[in-house]
Amino acid sequence: MTEDLLSLATDIAARARDGEDIEAFLTHERNFQVKAYEGQIENLSSSEPRGASVRVLADQRVGFAYTTDLSSAGVEALIAQARDNATYATQDEAAALAEAPDAPYAEVESLVDERQQSTAADDKVAFAIALDSATRGADPRIKTVEEAVYADSDLEIAIANSTGVSGAYRRTDAWCYALAIATENEDTEVGFEFGLGRGLAGLDAEDVARKAARRAVEVLGARKIPSRRMPVVFDPFTAGQFLGVLGSVLTGESVQKGRSLFAGRLGETVASSELTLIDDGAIPGAPGTSPWDAEGVPSQRTEVIKDGLLSSFLYDVVSARREGRASTGNASRGSFKVPPRPSPTNMVFAPTGQTVDSLLRDAGDALLVQDIHGVHSGANPISGDFSVGATGVLLKDGAPGQPVKEITIAAPMLDILKGVVAVGDDLRWLPFGGSFGGATTLVSEMTIAGE
């Protein structure tokens, strides 16, 4: 099927007329999701969307259109619609399609679990039920499991354009999560845990269940604490969430539109000398890994921040041309229904060499943040304000002690970056919200607002 998609994409691109360029982007996806509750299937869904989009570039104008009708007539209508849309578009001197790479696309390892194609729906359902059961049985204080979910995707993508870009690949993904509710006396707390893999065989229901239960149980008895300033440790999940806020404004497009706290800071020190921030679209096994981006530019590694210095933004073809630069291979599309725009691929803080145990010892008396909420309202990546609700555990000489909730942690984002002391060796990729990874991260000081 991947070869069929590429053949059709190549055929569409070959229909470019004199004075225009055409790009075709096609996908075929197979999705499955099942949710279990109290040992029963609460809901189950599957879908198999496929479609194509076309961009026509003529007279520095770009027309975009998409369709789910891949018949000959449907493709003809698609191209005609994109051409018509181009006539109404505003001229843009930076408008261009990606050029053919100088060398063949590099092979990317671990994109597909070949076992997944033959995995039966019954096995997936059984996994969700087992996840629900194992979470409920992990601790007597777990009174219910609000959600136990298994989901997967088998995706084929092809791209071709009239400037010579041509490529196709397949990837499989599977993920699961459990949301456990723990109750003791009159206190009720929530624990969330997830697993990621290329297929069902890469997931461990018992491990996810045990960790979800533990995260709920260990914050039973949580309370407010007096307001103070103190070191803060983000666990991998919350560190990844913080990075997700930053990543949205580290693209060339966001800077060019004045929607980034990093505008005008290229070449400046924006973080501690301990901190290096990497975006790499070719990391084996990572969620955003692919041989090329959504325009056909080869995936690559970009050091966005190097030893505290802001050294690069992330670009697609158009945003790069506006600054006389080359694309960093960061064009992204949510689906074939939208045109590309720049976005992180796999973004992470580089580890600083400490193990998690040594980092926690260095933290001393600190707040370990295990959950943050209110990110959409309390984190502003344009102004740099960061003030969010948090739940976690107080550390005493690096060891966990009193659980804490109903507090707010706050500091300007640049102060947080400049206060990063260490990044641990326990990298985890987030299951949603983009391709961001987090590791245990120690920040020297933040404001804790409590009682």
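## The chain as a whole

The model is predicted. Its secondary structure consists of 10 helices and 22 strands. The radius of gyration is 24 Å, close to the 22 Å that the globule rule gives for 451 residues, so the chain is as compact as a globular protein of that length. Along the principal axes, the C-alpha trace spans about 75 × 55 × 35 Å.

Buried residues make up 54% of the 451 residues of the chain. Taking contacts between residues at least 6 apart in sequence, 71% join residues that are at least 24 apart.

## Surface and charge

The accessible surface of the chain is about 19,300 Å². Carbon and sulfur atoms account for 47% of that surface. There are 40 positive and 66 negative side chains. The centres of these two sets lie 3 Å apart.

Strand β5 covers residues 142–161. Of its 20 residues, 17 are buried, so the strand is largely enclosed by the rest of the structure. Here a residue is called buried if its relative accessible area is under 20%.

Strands of a sheet pair through backbone hydrogen bonds, either parallel or antiparallel. Strand β1, residues 20–37, runs antiparallel to β5 and is joined to it by 14 bridges. In this pairing, Asn31 stands opposite Ser153 of β5. Strand β6, residues 166–184, also pairs with β5 in the antiparallel sense, over 17 bridges. There, Ile157 stands opposite Tyr169 of β6. The hairpin of β5 and β6 has four residues between the strands, and Gly164 in this hairpin takes a positive phi near 115°.

## Strand β8: two kinds of pairing

Strand β8, residues 228–234, pairs with strand β22, residues 441–449, through six bridges. These two strands run antiparallel. Phe234 stands opposite Thr441 in β22.

Strand β8 is also joined to strand β15, residues 366–373, by three bridges, and here the strands run parallel. The bridge partner of Val233 in β15 is Leu368.

Lys306 stands opposite Leu309 in β11.

## Two glutamates with positive phi

Glu38 has a phi near 50°, which is a positive value in a residue other than glycine. Glu38 is found in the loop between β1 and β2 (40–47). Is Glu38 buried, partly exposed or exposed? Its relative accessibility is 39%, so Glu38 counts as partly exposed.

Glu406 is a residue other than glycine with a positive phi, near 55°. Glu406 lies in strand β18, residues 399–410. The relative accessible area of Glu406 is 53%, so this residue is exposed. The cut-off for that label is a value over 50%.

Key:
Residues are numbered from 1 along each chain as its sequence is written. This is a predicted model: local features need pLDDT of at least 70, side-chain atom pairs count only at pLDDT 80 or more; totals for chains, interfaces and linings use all residues. Side-chain values use heavy atoms; hydrogens and water are left out. Buried means under 20% relative accessible area, exposed over 50%, partly exposed in between (1.4 Å probe, protein chains only). Two strands pair if DSSP finds at least two bridges between them. The radius of gyration is taken over C-alpha atoms; the globule rule is 2.2 Å times the number of residues to the power 0.38. Contact means heavy atoms within 4.5 Å. Accessible areas come from the Shrake-Rupley method with a 1.4 Å probe; for residues, only the protein chains shown count as cover. Lys and Arg count as positive and Asp and Glu as negative; His and the chain ends are not counted. The place of a charge is taken as NZ of Lys, CZ of Arg, CG of Asp or CD of Glu.
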